[in-house]
Amino acid sequence: MKKNAPKILAIFLLTVIAVLMVIAGSGTVADIFRGKGADVPGSSANVEDDDTPPAEEPDQGSDNVTDDETNNVFFPVPPEASAIYAYTQSLWSESGMELNNALSTSEGLYVIVTHASDSGVLATDGKRISVVRADNDGTLLSAVHLASRGEDIRYLGSRLTSAGLVIVATDGERSYVHTISTDLKKTDLIELPAFNSATVFALNEGYLLLGSGANNTVYKIVDNAVAASSSLQSGEIREVYDFGTYYMLVLNGISGYSAIRIGTDLKHISTATVGEKQLLAINPVVVDGEQKFLVAEKTADGVYIARYGADFSAAEADRVSVGLAEDADVFMNGSVAFVLLHATTDRLYIVDSDLGFTASSTAILQGISVFHDCETYRDGFLTLYSAGDALTLADVRNDGTSVTRSIAIGTQNAFIVRMYDDTSAVVCSVENGVKIIGL
């Protein structure tokens, strides 16, 4: 009995320690013994090495994100209080950060950046493209880093689609199409030939990816797989419309612009070309029950707003001149066109679908050095531009009235994001990082 007393005492003490750890929430009794050479019923210690089932491999092309890959241990990150704005929030990298895009859904704000942070909430092992999700009040909720592709990785484009957040990047050798769930917990990957540029257009189901490189190629992607692909004539794709039984692609070419109709299988149906004109913006409208297209065009004679029928016949189009200009920023909001002419004196026009001038002004949006972004809402346009060293936010209504607000930040790149609760936020690049400003 005395001979076995030390062993009995040791077992008693281990049992007491195990029970105390279970009570403290440190695990189960089996957890205490695992790896200690003891056999615990139901534990992995009873499984021979040769019989251990292999770890389940993810489906090819899938990347289920873990906390280790996203540094979610740092989240949530509350916003900074501000006496001027609803809130401010910052992202920072000691090696600099490129702001790629900012988008919103009912689940919050998504900020896409390229960086090589080695510390903090965005710490990575080399250059990455990352997505940061924020709540409407500016709280950073989570982040995901796309798989590393080396120092040559370059962002090409992004869009929110029915499949999730789609981000396209390239390393010069091939292109990578990432589809990320809106909670940032799952990504799917498709690899395609290298593009020089790429644009994503959302469809009722899936999306179209237009890649420009050695050839222009359109890919229809449904359920994270290429359902169809087709070559396109050379040119800059400006817009895509999903009309249910077919798609219409509008692109600028060398000597004019074209409206190309293709089937849902991406096979060509028809092409209508408007010669000697550059497309600035286009939007479908219905006039007297007929499908029309409101188009802003630039010609050698100046900028025009035109209204075409479905066949884009120039002979039957209605057109009105808005004047000579070196360049123009044009945005469409339903049946209303926002036209900012850049000439000796910048001039703003608001034009309706009947080609009537709702407003004309040389006083609004003056002193622009860079026009950054425009978001439309039911009654007008939220515009964001730099005037000198400061950002300026101008709310221009459809009737031509406006409200202007100065944001004392110098930036090279900025986005205005309208949230689903009718609030807005400005996302802009600053030295070594990105600033989010709630309005």
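The legends below describe several close-up views of a predicted model.

In this predicted model, local features need pLDDT of at least 70 and side-chain atom pairs count only at pLDDT 80 or more, while totals for chains, interfaces and linings use all residues. Residues are numbered from 1 along each chain as its sequence is written, and side-chain values use heavy atoms, with hydrogens and water left out.

View 1. Helices (H or I, at least four residues) and strands (E, at least two) are DSSP runs, numbered from the N terminus. Of the 439 residues, 47% count as buried, where buried means under 20% relative accessible area, exposed means over 50%, and partly exposed lies in between, with a 1.4 Å probe and protein chains only.

**View 2. The largest pocket holds about 1900 Å³ of space.** On a 1 Å grid over the protein atoms alone, a pocket is an open set of points with protein on both sides within 12 Å along at least five of seven lines, whereas a cavity is a set of points where a 1.4 Å probe fits but cannot get out; lining residues have an atom within 4 Å of a point. Grid points are joined across faces, edges and corners, and a volume is the space filled by probe spheres set on the points. The pocket is lined by 45 residues, and Arg159, Glu239, Phe331, Asp373 and Cys374 lie nearest its centre. Among the elements that give two or more residues to this lining are strand 7 (154-161), strand 15 (236-242), strand 23 (327-333) and strand 27 (370-377).

**View 3. One cavity of 30 Å³ or more is found in a search of the whole structure.** The largest cavity has a volume of about 60 Å³, and its lining includes Lys127, Arg128, Ile129, Leu146 and His178.

**View 4. The largest nonpolar core has 22 residues.** A nonpolar core is a set of buried Ala, Val, Leu, Ile, Met, Phe, Trp, Tyr and Cys residues joined through side-chain atoms within 4.5 Å. The members that touch the most others are Leu91, Leu109, Val111, Leu140, Val427 and Val434. Strands that each supply at least two residues of this core include strand 2 (87-92), strand 4 (108-115) and strand 33 (433-438). Leaving aside neighbours within four places in sequence, valine 111 is in contact with Leu91, Val427 and Val434, among others, and contact means heavy atoms within 4.5 Å. A second, separate core of 20 residues includes Val322, Met332, Val339 and Val351.

**View 5. Valine 396 lies in strand 29 (residues 390-397).** This valine 396 is buried, because its relative accessible area is 0%. Its C-alpha is 5.2 Å from that of phenylalanine 381, although valine 396 and phenylalanine 381 are 15 residues apart in sequence. Beyond neighbours within four places in sequence, valine 396 is in contact with residues including Phe338, Leu348, Ile350 and Phe381.

**View 6. Strand 17 (residues 256-263) and strand 18 (residues 268-275) pair in the antiparallel sense over seven bridges.** Two strands pair if DSSP finds at least two bridges between them. Isoleucine 260 stands opposite threonine 271 in strand 18. In this hairpin, which has four residues between the strands, leucine 266 takes a positive phi near 70 degrees.

**View 7. Serine 212 is found in strand 12 (residues 207-212).** Serine 212 counts as partly exposed because its relative accessibility is 23%. Not counting residues up to four places away in sequence, serine 212 touches Phe195, Asn196 and Ser197.
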